[in-house]
Amino acid sequence: MNDKPTLLSLEKTSSADERFPTLTDNQIARIAAYGHVRQVQRGEVLAEAGEFTARFFVVTTGQIEIVRLSGTNEELVAEYGPGMFTGEVNLLSGRRGFSQVRVTSAGEVIEVDRHHLMTLVQTDSELSDILMRAFILRRVALIAHGYGDVVLIGSSHCAGTLRVKEFLTRNGHPYSYIDLDHDSGVQELLDRFHIAIDDVPVLICRGELVLRNPTNQQIADCLGFNDAIDQTHIRDLVIVGAGPAGLAAAVYGASEGLDVLVLESNAPGGQAGSSSKIENYLGFPLGVSGQELTARGYTQAQKFGAQMLITKGGKKIVCDRKPYAVEIDNGQRLPARSIIIATGAEYRRLSVENLSQFEGAGVYYGATFIESQLCRGEEVIVVGGGNSAGQAAEFLAQTARRVYLLVRSARLAETMSRYLIRRIEQSPNIVFLPQTEIVAFAGSYHLDRVSWRDNQTGKIETHAIRHVFVMAGAVPNTHWLDGCVALDAKGFIKTGPDLSRDDLAAAQWPLTRVPHLLETSLPGVFAVGDVRRGSLKRVASAVGEGSIAVAFVHQVLHE
Ligand SMILES: Cc1cc2nc3c(=O)[nH]c(=O)nc-3n(C[C@H](O)[C@H](O)[C@H](O)COP(=O)(O)OP(=O)(O)OC[C@H]3O[C@@H](n4cnc5c(N)ncnc54)[C@H](O)[C@@H]3O)c2cc1C
């Protein structure tokens with residue numbers, strides 16, 4: 001074993017006690033009621049690395065250690081003595097554990113299975129606080145130190161690398177990153193796993209499987225993100241989309257006792273997850289990154305027992321029979337007594353001929369810390385006149401040399417909040433270009449040059465700019481609904497009072513009551529957040545709608 005400091009010693013900060021707390025006798029006795037006492041011997045392995053995390057241990061006497069195995073090397077992650085306990089957020093999701101749990105000094109532990117642990121955190125508020133805080137802080141430390149089961153080999157010049165980084169980050173999955181452009185000794189690793197430069201990004205998954213430029217779905221499959229989830233039984237509520245609206249519905253639904261399954265085609269967080277700083281969400285006077293806010297919601301939903309299928313998008317609703325079902329990519333049908341559609345919206349793609357060549361390699365649809373590091377000290381373009389574009393321009397101006405904000409309209413006043421307009425006006429390195437649009441991209445592997453046209457004069461200019469952030473015109477994600485619910489002319493879902501008599505007649509609405517607020521033209525199927533016609537396109541309203549819809553779900557389940 002090497003002498004590398006453990007997480008315990010690395011994290012000697014004020015929060016170390018919260019990350020590695022010692023329980024009182026009374027608290028241990030309350031946990032014991034949910035599990036059983038077990039004698040353990042020195043050297044005994046209580047859980048293997050890579051095992052689905054189904055058990056939780058509290059040490060009453062003796063000592064156990066958490067060890068990270070890498071080939072023949074062992075690395076001590078943490079040590080737990082009497083009163084301390086194992087586990088991190090994998091215990092909530094049931095996903096694979098990253099480390100081995102081993103006894104170093106014989107004694108006694110309390111073993112609790114995952115099902116009983118979930119009951120405990122949902123019912124004992126004091127223990128819930130202690131355990132949840134420790135689990136989350138331990139995960140934060142694992143992420144900070146890259147102590148996961150994944151090594152990503154990539155390059156900042158490669159579009160796939162950014163995508164994989166964002167996917168792992170949004171799923172809160174720890175990984176270590178090897179940068180082909182900067183890290184020494186990379187060749188040895190490439191040779192060991194027979195990796196060619198053209199294969200990047202490469203993911204070494206659980207030390208054994210080498211995935212070359214994997215899709216997000218292949219990553220989720222390799223890491224077993226969905227393995228612990230039963231896809232066959234009838235759920236009270238299936239939620240499609242894990243942005244703020246879907247996550248809020250999951251928190252309320254699961255906390256109110258519903259059997260909830262959430263389907264997410266990509267990674268949790270939705271548009272909000274790509275926001276650098278949300279400043280208008282209640283309770284965060286200093287602002288909060290969209291990723292942090294939605295990561296909290298994701299963990300909160302799991303705490304209450306909501307399950308999440310990641311990279312499994314809804315392909316259609318089987319709406320001609322009850323219970324309904326949502327069909328996912330592999331043709332699997334997930335039966336549901338009620339459904340909440342929270343699939344949000346996506347930015348419209350620019351109509352520039354070779355756009356797809358540069359998506360992820362110079363053209364981005366979100367501006368988070370990861371992207372901001374790619375364009376440090378350079379000139380960048382933000383396209384769009386809404387709050388998301390204004391926020392991105394302001395955020396990127398902190399690291400970029402200059403930010404050009406391009407909009408097709410003449411002014412920002414109709415589309416952007418006053419506080420953002422003021423900050424943009426006061427920022428010396430943001431250049432506002434009204435009535436301007438991008439007409440051409442150029443570059444080989446990565447975007448190198450951008451041409452834009454001033455629509456007032458018709459003049460075209462070309463600039464050596466390598467990074468463009470597109471945040472213009474949202475399109476609803478409703479293409480998959482295939483006529484099951486009534487849409488408006490722009491493809492947004494009509495709900496409640498927006499549904500006319502004609503809409504209901506065309507949909508053959510079968511009930512004597514009118515649709516509930518947020519209910520679509522299909523009874524028991526609701527739409528919330530940005531995907532809904534008339535929604536406000538704000539995090540708070542999406543969260544509010546997701547929460548309100550659950551009240552109506554209860555009503556239809558009792559109909
Ligand atoms: C960069 C940026 C900054 C922003 N800043 C702010 C701000 O400061 N304040 C504010 O109030 N609002 C802000 N917004 C707007 C806010 O983020 C959105 O209003 C909010 O995220 C909408 O939430 P939603 O859950 O309805 O949809 P979304 O956030 O769009 O989430 C929808 C989810 O559904 C998933 N999905 C799509 N189709 C399927 C399918 N078929 N099956 C399964 N899953 C699917 C998507 O992958 C996504 O995760 C910002 C938006 C952006 C992009």
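**Close-up views of a predicted model**

**View 1. Strand β6 and its partner β7.** Strand β6 (residues 150-154) runs parallel to β7, and the two pair over four bridges. Strands count as paired if DSSP finds at least two bridges between them; helices (H or I, at least four residues) and strands (E, at least two) are DSSP runs, numbered from the N terminus. Look for Leu152, whose bridge partner in β7 is Tyr177. This is a predicted model, where local features need pLDDT of at least 70, side-chain atom pairs count only at pLDDT 80 or more, and totals for chains, interfaces and linings use all residues. Residues are numbered from 1 along each chain as its sequence is written, and side-chain values use heavy atoms, with hydrogens and water left out.

**View 2. The open sheet of four strands.** Here the strand order is β7-β6-β8-β9, with mixed pairing. β7 (176-179) and β9 (209-212) stand at the edges with a single partner strand each, so one side of each has no neighbour in the sheet.

**View 3. The disulfide between Cys205 and Cys222.** A disulfide here is a pair of cysteine sulfur atoms within 2.5 Å, and in this one they sit 1.9 Å apart. The torsion about the S-S bond is about -120°, so the disulfide is left-handed. Cys205 belongs to strand β8 and Cys222 to helix α9, so the pair ties together parts that are 17 residues apart in sequence. Both Cys205 and Cys222 are buried (buried is under 20% relative accessible area, exposed over 50%, partly exposed in between, with a 1.4 Å probe and protein chains only).

**View 4. The disulfide between Cys319 and Cys484.** The S to S distance in this pair is 2.0 Å. With a torsion of about -85° about the S-S bond, the disulfide is left-handed. It links distant parts of the chain, 165 residues apart: Cys319 is in the loop between β13 (314-318) and β14 (324-328), and Cys484 in the loop between β25 (474-476) and α16 (501-506). Cys319 counts as partly exposed at 25% relative accessibility, while Cys484, at 11%, counts as buried.

**View 5. Helix α10 under cover.** Ten of the twelve residues of α10 are buried, among them Pro244, Leu247 and Val251.
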